[in-house]
Every structure is written in structure tokens, then in C-alpha cells.
Amino acid sequence: MTRKAPRRTAQRIQETALTLFNRFGEPNVSTTLLATELRISPGNLYYHFPAKEALINRLHEDFEAALDTVLGQAAGVRDLPGAWRFVRELFELMARYRFLYRDMNDLLSNNHHLETRLREALARKEAAMAAMLSGLGAAGLLRLEASERDILARSMVVLATYWLNYEFVCNPRQALEPEAVREAIVRGTRHTLQVLAPYLGPAHHGALQQLQQRAQVAEPVVEDALPT
């Protein structure tokens, strides 16, 4: 039987930091708490990440790499089920790195690197949403002008970006539980796609309603999107 190679310390630090940041909020997790949770010395932690900011930036780099993979699918969307899958995957990724969204104001105030990168990520999301809308328009599903497309793309990105914060405000005691995260992902996907309704023809409008009705909270969710 082949034994798994032990995880490297840097990887363990990143995984544990992501879990704690998501669970308690990045401002509430000190490097001392993180080292204690990992059962390593603070010096060992600082050897891998000399400052908390370096750890946050590394997590954001991982997020960006995964985000670019998801956004790269947008231009190929030509039907409503494809739009659902795309938006759903985007929500799953944001849920996995939700501290970046819940603690966005603190991060932007204290981390110049993220101030730039998060703004650029929003621009890439808008471009991807616009590409998806263009594809749906080319397939005859949407009726909208180019100017309407760009406004609609931005509206969808704003809704998706702040949806998990909305869920947390509505239910702060349960919002971080695995089942609550699953439900939030489904609701967020539904509401984000619902903004397409006024631009769909009657037949496609009905198809969107059917698609949303069939979506079940229990449908598979990427496990990495859930808190551990």
C-alpha cells in the first residue's frame, strides 16, 4: 500500500488559515491563534509567511488562479443550463474564499496589494459576464443592446459579489454551517440569473423558471466550497 506524502507545512498553514478566516473573519484570527491551531511555533509560521499580509496575499493568488479558470468558461455558454453551471461554479469558488468578500473593507483598507487585485478581479468578472450574455444573445436567448449588456453584466457581478454578505446578515448564527452555505450558493445562483428574465423571450423565460424549480439544495456542491 502506497502511503500519502505528508503535507508540507506551508500548505497546512494555508489550508488552516483559509478555514479560520472563513469561519471567524480574517481580522479576528491572529498569527498566534493560527500557530496554536496548527501546533507549530510562531517562528515556524513566520519562516513560511513573514507577515499575515503575505499569507493573505498567497491565499488570494490561489483564489485568482481558480477564478481565471472559472471565468474562462463564460465565452462558451450558449444556453441557460450552461449559464446556471457557470454562475454556480462562480458562487462555489467565492464561498470557498468567502473571507475575501466578508472582510473586503478591512482588507482594502490595510492591504494595498489586494486593493489593486480585487478591483482587477471585479473587472474580469464583468468581462466574463458580458461574454456569457453575448453568447446567450448570439444563440437567440437574450434580446438586449450592447449598452444594456454591459449594465446587466455589472449588475450580476454586484449581486454575486455581495450575496454571501447578505446571507450572513440575514442569518449570522447559522450562515457559516455547511448546509447553510449550500443553500446560499443555490439562492445566490437563482437570484443572479433571475435578472435575465426581462430580456428573455416567452419560451426561454419559462425554461429559466423550470431550471430554477429543478435546482435542489441537495444537488452536489464542490466540497472545497464548504467550511471544514
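I take a contact to mean heavy atoms within 4.5 Å. With that, I looked up the contacts in the chain with a separation of 6 or more, and residues 24 or more positions apart account for 76% of them.

**Basis.** I am working with a predicted model, where local features need pLDDT of at least 70 and side-chain atom pairs count only at pLDDT 80 or more, while totals for chains, interfaces and linings use all residues. I number residues from 1 along each chain as its sequence is written, and my side-chain values use heavy atoms, with hydrogens and water left out.

**Elements.** I took helices (H or I, at least four residues) and strands (E, at least two) as DSSP runs, numbered from the N terminus. I found eleven helices and zero strands in the chain. The radius of gyration of the chain is 19 Å, close to the 17 Å that the globule rule gives for 228 residues, so the chain is as compact as a globular protein of that length. That radius is taken over C-alpha atoms, and the rule is 2.2 Å times the number of residues to the power 0.38. I noted a span of about 60 × 40 × 40 Å for the C-alpha trace along its principal axes.

**Burial.** I call a residue buried under 20% relative accessible area, exposed over 50% and partly exposed in between (1.4 Å probe, protein chains only). Buried residues are 43% of the 228 in the chain.

**Core.** A nonpolar core is a set of buried Ala, Val, Leu, Ile, Met, Phe, Trp, Tyr and Cys residues joined through side-chain atoms within 4.5 Å. The largest one has 66 residues, and I found that F86, M129 and M132 touch the most other members. Helix α5 (residues 80-96) gives this core its largest share, ten residues. Leaving aside neighbours within four places in sequence, I listed the contacts of F86 as V70, L71, Q73, A74, V77, A128, M129 and M132.

**E26.** I located E26 in the loop between α1 (9-24) and α2 (31-38). E26 is buried, at a relative accessible area of 10%. Beyond its neighbours within four places in sequence, E26 is in contact with F21, K52, I56, F99, D103 and L107.

**T9.** I placed T9 in helix α1. T9 is partly exposed, with a relative accessible area of 25%. Not counting residues up to four places away in sequence, T9 touches I40, N44 and H48. I also looked up L208, 199 residues from T9 along the chain, and their C-alpha atoms are separated by 46 Å.
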